[in-house]
Amino acid sequence: MDRSVTYGTYLAVDELLALQRPRSEGPEHDEMLFIVIHQVYELWFKQVLHEVDHVITLLDARDPFRAQHSLKRILTILKVLVAQLDILETMTPLEFQSFRQRLEAASGFQSDQFRQLEFVLGNKTRAAIDRFPEGQRARLALEARFDKPTLWDAFLKYLSREGYAVPASQLARDVTMKIEPSPELQTTLIDVYRRDPQHAAMCERLVDLDEGLQEWRYRHVKMVQRTIGAKIGTGGSSGAQYLATTLMTPIFPDLWEIRSKL
Ligand code: HEM
């Protein structure tokens, strides 16, 4: 038997193409798009997590150039993630309604990779872990990330090793807690912006990442509003109303607060 690698075997195309399983009768034409888009998102989430973990490793290894390179790749993927919503917005409210019931309680709310991304960026909650059954892949992945330093922690450690005055309280902060703004740290960041273009550029890439994720949240909630209006979500939340509470919340508050002082 010929065992040489082919496009199909390398990429597991047969397996991949067997994974789109519509639940509606017919099935309804638009359910395929809905499934494909979500699966593509999950693949990109996987890649983004892979890259963020790499950035953390590179910062720990004091390799700022490659860290920035990886950050740039993450930002490029984020642009694609936002742009993909345009495709789903070609689905009208009635087209979505034709199969929505078949989703039962399934919702993007249950995407553990999205929560993993929030965790590695500093937005961690025990409740997000508790939603998944003990021993399940999703729960194990979230548990593993809960106690680990976030991207922000890796960046602060890196800055400190580069000789910047990062407050000890920030370096020793509880990494399971939300990132709180620190006026003392902001003084140091202002210094970075004024005197050190290379590290200022890295700060700007982190702001791009922060803004990119906020942009995705905004576009997602607008898509939700135009598709289901004020209906409750399949995940059981109040829907667009709940999603609106997640908007305009920065991931790295210090990098935003310094702007009015520069
Ligand atoms: C017609 C398309 C969509 C609709 C109507 C929709 C609706 C919703 C609603 C109502 C929620 C709130 C939770 C709930 O009660 O269900 C939610 C959350 C979420 N959705 Fe979507 N969604 C859509 C497409 C997508 C896509 C393509 C993704 C990509 C993965 C996605 C990812 C998420 C995530 C990650 C959350 C959790 C957000 C958070 O808690 O901050 N959604 N969605």
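Residue numbers start from 1 along each chain as its sequence is written, and side-chain values use heavy atoms, with hydrogens and water left out. Because the model is predicted, local features need pLDDT of at least 70 and side-chain atom pairs count only at pLDDT 80 or more, whereas totals for chains, interfaces and linings use all residues.

The C-alpha trace of the protein chain spans about 65 × 55 × 35 Å along its principal axes. Of the 262 residues in the chain, 44% are buried; buried denotes under 20% relative accessible area, exposed over 50%, and partly exposed the range in between (1.4 Å probe, protein chains only). Among contacts with a separation of 6 or more, 72% are made by residues 24 or more positions apart, a contact being heavy atoms within 4.5 Å. The chain exposes about 14,700 Å², of which carbon and sulfur atoms supply 57%; accessible areas come from the Shrake-Rupley method with a 1.4 Å probe, and for residues only the protein chains shown count as cover. The 33 positive and 36 negative charges have mean positions 2 Å apart. In this count Lys and Arg are positive and Asp and Glu negative, while His and the chain ends are not counted; each charge is placed at NZ of Lys, CZ of Arg, CG of Asp or CD of Glu.

The iron atom of the ligand has H220 as its only protein donor, through NE2 at 2.2 Å. Donors are N, O and S atoms within 2.8 Å of the metal (3.2 Å for Na, K and Ca), and sites may look incomplete because water is not among the atoms. H220 is placed in helix α12 (residues 197-228).

Helix α12 also contributes to the cover of α6, whose buried residues are covered by elements including α3 (31-60), α7 (126-130), α8 (137-146), α9, α12 and α13. Nine of the nine residues of α6 are buried, so this helix is largely enclosed by the rest of the structure. The residues concerned are D112, Q113, F114, R115, Q116, L117, E118, F119 and V120. Just after α6, G122 adopts a positive phi of about 110°. In helix α9 (residues 151-161), eight of the eleven residues are buried, so α9 is likewise largely enclosed by the rest of the structure. The buried set in α9 consists of L151, W152, D153, A154, F155, L156, Y158 and L159. G163, which follows α9, has a positive phi near 100°.

L156 is also one of the residues touched by Q170, together with S182 and L185, when residues up to four places away in sequence are not counted. Q170 is located in helix α10 (residues 168-171) and is buried at 12% relative accessibility. Its C-alpha atom is separated by 9.5 Å from that of E184, 14 residues apart along the chain.

Eleven aromatic pairs are present in the structure. Rings of Phe, Tyr and Trp (its six-membered ring) pair if their centres lie within 6.5 Å; planes under 30 degrees apart count as stacked, over 60 as edge-to-face and the rest as tilted. F109 and Y242 form an edge-to-face pair, at 5.6 Å centre to centre and with 85° between the planes. F109 occupies the loop between α5 (93-100) and α6 (112-120) and Y242 helix α13 (residues 240-244), so the pair ties together parts that are 133 residues apart in sequence. Both residues are partly exposed, F109 at 23% relative accessibility and Y242 at 26%.

Several backbone features concern loops. Most residues other than glycine have a negative phi, and most peptide bonds are trans. The peptide bond from G26 to P27 is cis, with omega near -10°, and P27 lies in the loop between α2 (13-17) and α3. R62 has a positive phi near 55°; it is situated in the loop between α3 and α4 (64-88) and is partly exposed at 40% relative accessibility. M248 has a positive phi near 60°. This residue belongs to the loop between α13 and α14 (253-257) and is exposed, with a relative accessible area of 74%.

Key
Helices (H or I, at least four residues) and strands (E, at least two) are DSSP runs, numbered from the N terminus.
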